[in-house]
Amino acid sequence: MKRPSIKQLMELTELSRATLDRALNQRPGVHPRTQKIVEQALDRLAAPPLGSDQHPALRFRLFVQTGEAFVEWLSQRIDHLASEMAHARVQLDLVNCFRDSDEQLAARILQSENSVDGIAIVGRNTAVTTAASRHCMDNGKAVISLVSDLEPEARHAFVGINNRAAGQSAGFLIGRHLQPLQSPNVAVIVATAAYIGHEDREIGFRSLCRNSFPNINILEVINGQDTDEANYEGVRNFIRKHGRLDGIYNVGGGNDGMAQALVEQGLAGRTVCIAHELDSVTERRLRSGAIDYVLSQDLDNLLRTAASALKSVCDGNFIADQTLLPIDTYSRYSLRREHTG
């Protein structure tokens with residue numbers, strides 16, 4: 001079989017040409033962890049291609065019922081990993097369900113049942129969605145939940161961060177910033193408690209603030225609906241009602257609307273602001289100072305782990321009930337330097 005090119009290895013490992021050259025030719029100065037990454041990449045690229053007789057392709061479909069910026073970012077990462085997935089005998093297709101009702105999402109899931117080997121769902125934990133998921137499981141399809149969990153009987157496994165711990169992290173960051181203030185006003189933005197992940201983040205945030213920072217007043221939950229428009233109006237209404245906003249935590253999407261409201265009210269850089277998922281919107285708002293911290297997960301890792309979990313179910317192998325990924329915390333100072341020129 002033809003040896004993988006340096007370009008393929010650079011795309012897969014995100015290592016430089018010089019580092020790959022040293023690793024491939026056993027030259028000194030290569031960390032063992034880097035060497036292992038290169039060896040794993042070589043193994044992936046040497047795997048039989050998608051659809052070969054030796055390893056027929058497995059077709060998986062990912063249904064995403066979250067904010068638009070996250071859907072867009074997730075779609076870009078799937079495109080980035082397409083070649084790698086193909087060599088791992090996986091085809092992963094994303095279905096944008098952002099504007100779908102729960103009934104429409106359930107219908108999409110059931111319509112896909114006969115054309116795929118498994119499904120992954122980022123969505124609300126509702127009766128119709130879990131019923132559709134259970135139906136797929138009963139008919140031999142692999143089903144996993146991503147980012148926000150479903151009922152345990154409606155999926156084989158969950159892949160994502162520990163959302164309650166993420167909420168606690170947000171509470172700790174806001175609490176430490178506002179600790180010197182006597183009675184700071186804080187708001188939480190939640191789309192709906194039907195997202196188990198959102199509910200867990202809010203619970204973690206509230207419990208940490210209550211136990212460790214009792215000076216904080218969590219005055220209101222803003223119903224953001226995962227949209228920029230609802231978050232923009234919600235933040236403006238909060239300020240009109242309460243007079244000031246010292247801290248804000250958005251457990252879901254619609255971060256651009258939240259940030260824009262802070263900018264227009266002259267609160268960017270003054271209100272401690274925490275959001276989720278590093279995407280094109282949150283990165284831009286981090287750099288501008290409207291958002292202070294972003295709690296995120298590595299989407300490439302998420303997608304690779306999801307594909308591996310789905311394959312394991314299809315192959316009849318044991319799979320853990322949950323695979324929890326690291327929580328990454330970003331500020332404007334920990335982002336990669338912007339490209340210039």
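Modeller: The second largest pocket holds about 360 Å³ of space; the model is a predicted one. Its lining consists of 31 residues, and G67, F70, G252, G253 and G254 are the closest to the centre. By type, the lining of this pocket divides into 13 polar, ten charged and eight nonpolar residues. Helices α4, α9 (196-212), α10 (228-242), α11 (255-264) and α12 (280-288) each supply at least two residues of that lining.

Helix α4 leads on to the largest nonpolar core. That core has 31 residues, of which L62, L74, L92, I144, L146, L302 and L303 touch the most other members. Two or more of its residues come from each of α4 (68-80), α13 (299-314) and the strands β1 (58-64), β2 (90-96), β3 (118-122), β4 (142-146) and β5 (157-160). The largest share, eight residues, is that of α13. Beyond its neighbours within four places in sequence, L92 is in contact with F60, L62, I78, M85 and L303.

S148 counts as buried because its relative accessibility is 5%, under the 20% cut-off. A polar atom of the S148 side chain lies 2.7 Å from the backbone nitrogen of G197. Leaving out residues up to four places away in sequence, S148 touches I121, G123, F158, Y195, I196 and G197.

Conventions
Residues are numbered from 1 along each chain as its sequence is written. This is a predicted model: local features need pLDDT of at least 70, side-chain atom pairs count only at pLDDT 80 or more; totals for chains, interfaces and linings use all residues. Side-chain values use heavy atoms; hydrogens and water are left out. A nonpolar core is a set of buried Ala, Val, Leu, Ile, Met, Phe, Trp, Tyr and Cys residues joined through side-chain atoms within 4.5 Å. Buried means under 20% relative accessible area, exposed over 50%, partly exposed in between (1.4 Å probe, protein chains only). Helices (H or I, at least four residues) and strands (E, at least two) are DSSP runs, numbered from the N terminus. Contact means heavy atoms within 4.5 Å. A polar contact is a pair of N or O atoms within 3.5 Å; within protein, one must be able to donate a hydrogen and the other to accept it, and residues adjacent in sequence count only if both atoms are side-chain atoms. On a 1 Å grid over the protein atoms alone, a cavity is a set of points where a 1.4 Å probe fits but cannot get out, and a pocket is an open set with protein on both sides within 12 Å along at least five of seven lines; lining residues have an atom within 4 Å of a point. Grid points are joined across faces, edges and corners, and a volume is the space filled by probe spheres set on the points. Ala, Val, Leu, Ile, Met, Phe, Trp, Tyr, Cys and Pro count as nonpolar, Asp, Glu, Lys and Arg as charged, and the others, Gly among them, as polar.
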